[in-house]
Amino acid sequence: MKNDVGLRTRAAYRAGDKAAIAALAEEYAKIKESVRVYHQRLQEMWMRENKPYGFEVHDARLGGLIQRTESCRQRLLQYAAGTLERIEELEEDILD
């Protein structure tokens, strides 16, 4: 789900397509929920197969991904609604 959403987001932003941006914001919500489910299942498996030590690394990484996804979603919705004039991150070119 996450593979090409950034590229599609950038393309819609550069085209000025606010309707597509709003639709993509909902994809970000789905991605966030999928990561939550993945985290829960990973934790269940981890606790069955390992000692709890070390899982905090997964908490931090996946928690950060969940929060970053929500942050991106909020900025996209603000832009689509017209309360945000531009998204500076999307103004930058992607480096090879």
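A residue is called buried when its relative accessible area is under 20%, exposed when that area is over 50%, and partly exposed in between, with a 1.4 Å probe and protein chains only. The model shown here is predicted, so local features need pLDDT of at least 70 and side-chain atom pairs count only at pLDDT 80 or more, while totals for chains, interfaces and linings use all residues. Residues are numbered from 1 along each chain as its sequence is written, and side-chain values use heavy atoms, with hydrogens and water left out.

**View 1. The buried side of helix α1.** Helices here are DSSP runs of H or I with at least four residues, strands are runs of E with at least two, and both are numbered from the N terminus. In α1, the residues Val5, Thr9, Arg10, Ala12 and Tyr13 are buried. Because they cover an arc of only 165° around the axis, they lie on the same side of α1, the arc being that of the directions from the helix axis to the C-beta atoms. The face of α1 turned away from this buried side carries the exposed residues Leu7 and Ala15. What covers the buried residues of α1 includes α2, α3 (55–81) and α4 (88–91). Just after α1, Gly16 takes a positive phi of about 75°.

**View 2. Helix α1 against helix α2.** The axes of α1 (residues 5–15) and α2 (residues 18–49) come within 9 Å of each other and cross at roughly 160°, which means that α1 is roughly antiparallel to α2. Axes are lines fitted to C-alpha atoms, for helices over the stretch in contact, and angles run from 0 to 180 degrees between N-to-C directions. Angles under 35 degrees count as roughly parallel, those over 145 as roughly antiparallel, those from 65 to 115 as roughly perpendicular, and the rest as oblique. On the α1 side, the contact (heavy atoms within 4.5 Å) is made by Val5, Gly6, Arg8, Thr9, Ala12 and Tyr13, and on the α2 side by Ala20, Ile21, Leu24, Glu27, Tyr28 and Ile31. By class, this contact of α1 with α2 has 8 nonpolar, 2 polar and 2 charged residues. Here Ala, Val, Leu, Ile, Met, Phe, Trp, Tyr, Cys and Pro count as nonpolar, Asp, Glu, Lys and Arg as charged, and the others, Gly among them, as polar.

**View 3. Thr9 and its surroundings.** Thr9 has its place in helix α1, and at 3% relative accessibility this residue counts as buried. Leaving aside its neighbours within four places in sequence, Thr9 is in contact with Ile21, Leu24, Tyr28, Leu76 and Leu90.

**View 4. Helix α2 against helix α3.** The axes of α2 and α3 are 8 Å apart, and the two helices pack at an angle of about 165°, which means that α2 is roughly antiparallel to α3. The crossing of α2 and α3 is left-handed. The residues in the contact of α2 with α3 divide into 20 nonpolar, 4 polar and 7 charged.

**View 5. Lys32 in helix α2.** Lys32 lies in helix α2 and counts as buried, at 17% relative accessibility. When its neighbours within four places in sequence are left aside, Lys32 is in contact with Ile66, Thr69 and Glu70.

View 6. Ala19 is found in helix α2 and counts as exposed at 58% relative accessibility; the C-alpha atoms of Ala19 and Leu77, which are 58 residues apart along the chain, are separated by 10.0 Å. Ser34 also has its place in α2, where a relative accessibility of 35% makes Ser34 partly exposed. From C-alpha to C-alpha, Ser34 and Met1 are 8.8 Å apart in space, although 33 residues apart in sequence. Val37, found in helix α2, is partly exposed with a relative accessible area of 28%. The C-alpha atoms of Val37 and Arg8 are separated by 24 Å, and these residues are 29 residues apart along the chain.

Definitions and conventions:
Left-handed = near helix turned anticlockwise from the far one by under 90°.
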